[in-house]
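Reader: I would like to learn how to read a model like this one, feature by feature. Could you walk me through it?

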2 protein chains.
Amino acid sequence: MNHPGAPDPETLSLLKAEFGPDLLTSTGELAARGRDDSGLFLPPAAVLLARDETQISRLLVLANERRFAVIPRGAGTGLAGACLAETGGVVLDMSAMNRIITVDEKSVTATVEPGVLNIELRRAAAAKGLFYPPDPASLDTSTLGGNAATNAGGPACVKYGTTRDYVLGLSCVLPTGEALRVGTATRKGVVGYDLTRLIVGSEGTLGVITSLTLKLLPLPEGQACVAAVFADVGAAMRAISAVMTRGHLPSAIEFLDARCLRLVGDLLPAHVRAGLPGAPGEHGEALVLIECDGGQGETRRAIADIESLCRECGALGILPAPDEAARQAVWDVRRSVSTRIHESCVVYIPEDIAVPVGRIADMVAALPPVEARHGIDIYAFGHAGDGNIHLNLTAPSEARRPAVEAAAEECVRLALGFGGTMSGEHGVGLAKRRMLPLEIAPVSLRLQRGIKKLFDPNDILNPGKIFPEEAC
Amino acid sequence: MNHPGAPDPETLSLLKAEFGPDLLTSTGELAARGRDDSGLFLPPAAVLLARDETQISRLLVLANERRFAVIPRGAGTGLAGACLAETGGVVLDMSAMNRIITVDEKSVTATVEPGVLNIELRRAAAAKGLFYPPDPASLDTSTLGGNAATNAGGPACVKYGTTRDYVLGLSCVLPTGEALRVGTATRKGVVGYDLTRLIVGSEGTLGVITSLTLKLLPLPEGQACVAAVFADVGAAMRAISAVMTRGHLPSAIEFLDARCLRLVGDLLPAHVRAGLPGAPGEHGEALVLIECDGGQGETRRAIADIESLCRECGALGILPAPDEAARQAVWDVRRSVSTRIHESCVVYIPEDIAVPVGRIADMVAALPPVEARHGIDIYAFGHAGDGNIHLNLTAPSEARRPAVEAAAEECVRLALGFGGTMSGEHGVGLAKRRMLPLEIAPVSLRLQRGIKKLFDPNDILNPGKIFPEEAC
């Protein structure tokens, strides 16, 4: 199937005349939009710095008339290549539409343009005693438009859900160039089909988001956390189930497997290391980090109770976090994993499968045979509270890349076998589209392609993303 | 536009032969499925008691071949006529598919058939320390399939969201008769378009739900509440904003306007009545009921703090609820409103607009002119935390029904003018479809109709619901 690609030279001249200095074509500007965090490099033919809805609409009308591709882009922090111009085309850079329109403390909502950074809204909300919960790892640098387009999630999902749970309504420009407002400005709304959540998570293939009305929550007073090391993943998971069935709803439940623990074990306090039956990781340990948020007294009591539950479930060592510095130290152990994996290997493929929480132990137990079969290393860590386990498949040399790729697909199949999904956070984009039929049945694919065709009859908006080529 | 209707006599014979005793055609059985809580009466030509997916699929294949309508039905507690056979047709009664398949305390999820009552899942979850939050007023009698089809919400929405936030995945039979599984069994999932939330809230027009995988939460230890009477709606809303911006996330924030207060004022404790500047309601008072859930100590402290905030915001009287009996007494004041409205008037139309919380006071202030213009009474009460205010438009005689209907449409227009929606909970069904174009723009309607056509090319599944006739 031939997707639309770059504008022809005549069309490019027309775009320059139409958009003047907002249309960028220098090699540097194109190269800067040729990358995201997937490792791919696919520079566009041109970049339009989006200013307003009218201009976006004009570009899309031209794209339909002259059949070139338009690829919306936020901050380019995605891991799946969804914002890259695979077929050339014009990248629509949304980063300059970055106004926080309102943070409304009476309605407990915010209205923002898509280029606002996640962290900027968090700060603006906090200044009024309010809270925007979705917390992708990229929250310091990623945009809310990108977060919505990819339905971004993070550690807070276990308590707060993901981006789709916070988008009450949105404005967008359809691939046809028509402006569309969907959803509501209210927490409830049941009028017609839910186009809002159809567009959220559609990876920029159904519309260009131009504003978002977001649900906010009261700002929790503070956080408290504890981490515990267990003799095996099964015990760690029993502790999580014990916590969740005794009235506690943590705002994060993070997990490190034995290999990750070995990598960052030196960061554990001496008293914890001393309590373990060997060097960290040697005995198949798992680390669980549990955080609660809310009033100070309340979170402290919750964490004390959670610590007891962890001990009851056989925790070998506890890392308490009696103050903010200790809390940051515990999170540093968790956060150091990614950095150290990056430092320690040449080939690195991040999968982000999710499985039902009750199957995490099975999933982790299934990894060593995959490692052995392919001669690679797999580091498993992530969000145990929602079953979203990042599998970092690594090898020490480029020569082993095909083995890593084969193992990655095997891991996806394993996750699906455990009732899971191939992606909890990263999305499909280019990186996973060939695997889509492993998870999505033909009848579902037919409906999804039908929806794409309905919204974008000429296939000009972010063509080729998500769906495998028809021949597949 | 002609929608498919009842099966012709030959087809009806064929259905009887095909489905045997599961096909009901007695007048009593048909009449029982001819009603919901909308007040409409539209009995079907036949009823099929759904047993399994294969049988549902068979019915839908026949419906396509022979062009008759199929109308899925749960417990029939809807208020919009969405489960009624307007054009005749076969009602697919899902109430016998009522197994709780699992309540999984390890994965903190449940899998259920659509005929399970909301209360049954709540009880089964509670037995394992877990919690299913969506709480429509009908939770004792409505089914989870119906809740999902209408995206049911209730008082808990302010903290917990609505049904769509709990449906992780679902199985359904498409109008074509094909079985489809969408979504995940995990809390996160970003693979392809969100067909799950497209089907949730589609009022049985896109597919027949045959099972639901639902997110659960830890069961809160308990609840505590307080109610406060204010001199005017503005002060009440300032109190709500104060609560939400000081770290409190109540599990319900309910509201009664002056007219409601007058109706149930005799249920207020004497000391509260004594503190008011006149008889309850005489001075434009508003009552706000705020409930928190969680650990016992924590909720008690939160309620104490909320009581202080209410006093700071000028509360004239406080109804404390130091124990469970007092808490039930406070809720009885709130719950008595509906009953007393029903008892006190002949004509009664329930609108359930939602407006941004910050506009509730404006909305309520706009009602007296509507009452005066049409010579009717409007009782406003409901879920202040999410802006979903039930407007009960009433008149003492049938002769005034046209005036009540005219006022209802005026209220909808007012709500839309305040940035709201015509329905926070009840949905569109038959009752509101003629008003749909007031809220949904033509381009959105075109896409929504396109989605219906994509899923249901022959318009056989719940035809005519939601969308106004094309001529409109």
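Author: Gladly, and please keep in mind that this is a predicted model.

Reader: How many bridges join β5(B) to β6 of chain B?

Author: Four bridges, in the antiparallel sense, link β5(B) with strand β6 (residues 109-112) of chain B.

Reader: Now the seven-stranded sheet of chain B: what is its strand order?

Author: The order is β15-β12-β14-β13-β17-β18-β16 in chain B, an open sheet with antiparallel pairing. β15 (317-320) and β16 (347-351) of chain B are at the edges with a single partner strand each, so one side of each has no neighbour in the sheet.

Reader: Where could I check the pairing of β12 and β14 of chain B?

Author: Strand β12 (residues 222-230) and strand β14 (residues 286-294) of chain B pair in the antiparallel sense over nine bridges. One place to look is B:Phe230, whose bridge partner in β14(B) is B:Ala286. Helices pack here too: α12 (residues 324-344) of chain B touches β12, β13, β14, β15, β16, β17 (377-383) and β18 (388-395) of chain B, its direction making about 145° with that of β17(B). α8(B), for its part, lies across β12, β13 (252-256) and β14 of chain B at about 15° to β14(B).

Reader: Let us turn to the interface. How much area do chain B and chain A bury between them?

Author: The size of an interface is often given as the accessible area lost when the parts come together. Chain B and chain A bury about 6700 Å² between them, 64% of it on carbon and sulfur atoms. In chain B, the residues losing the most area to chain A are B:Lys188, B:Val190 and B:Tyr193, together 15% of what that side buries. As for contacts, 86 residues of chain B meet 86 residues of chain A.

Reader: How many salt bridges and polar contacts cross between chain B and chain A?

Author: There are six salt bridges between the two chains. One of them joins the side chains of A:Glu178 and B:Arg446, at 2.8 Å from N to O. The count of residue pairs in polar contact between chain B and chain A is 20, both residues at pLDDT 80 or more.

Reader: Which element of chain B gives the most to the side that touches chain A?

Author: That is α17(B), with 10 residues. By residue class, this side of chain B divides into 34 nonpolar, 33 polar and 19 charged.

Notes:
Residues numbered from 1 in each chain as written. Chains lettered and ligands numbered in written order. Predicted model: local features only at pLDDT ≥ 70, side-chain atom pairs only at ≥ 80, totals over all residues. Heavy atoms only, no water. Contact = heavy atoms within 4.5 Å. Buried area = accessible area lost by both parts, 1.4 Å probe. Salt bridge = Lys/Arg side-chain N within 4 Å of Asp/Glu carboxyl O. Polar contact = N/O pair within 3.5 Å; in protein donor to acceptor, adjacent residues only side chain to side chain. Helix = DSSP H or I, 4+ residues; strand = E, 2+ residues; numbered from the N terminus. Nonpolar A, V, L, I, M, F, W, Y, C, P; charged D, E, K, R; others polar. Pairing = 2+ DSSP bridges. Axes fitted to C-alpha atoms, helices over the stretch in contact; angles between N-to-C directions.
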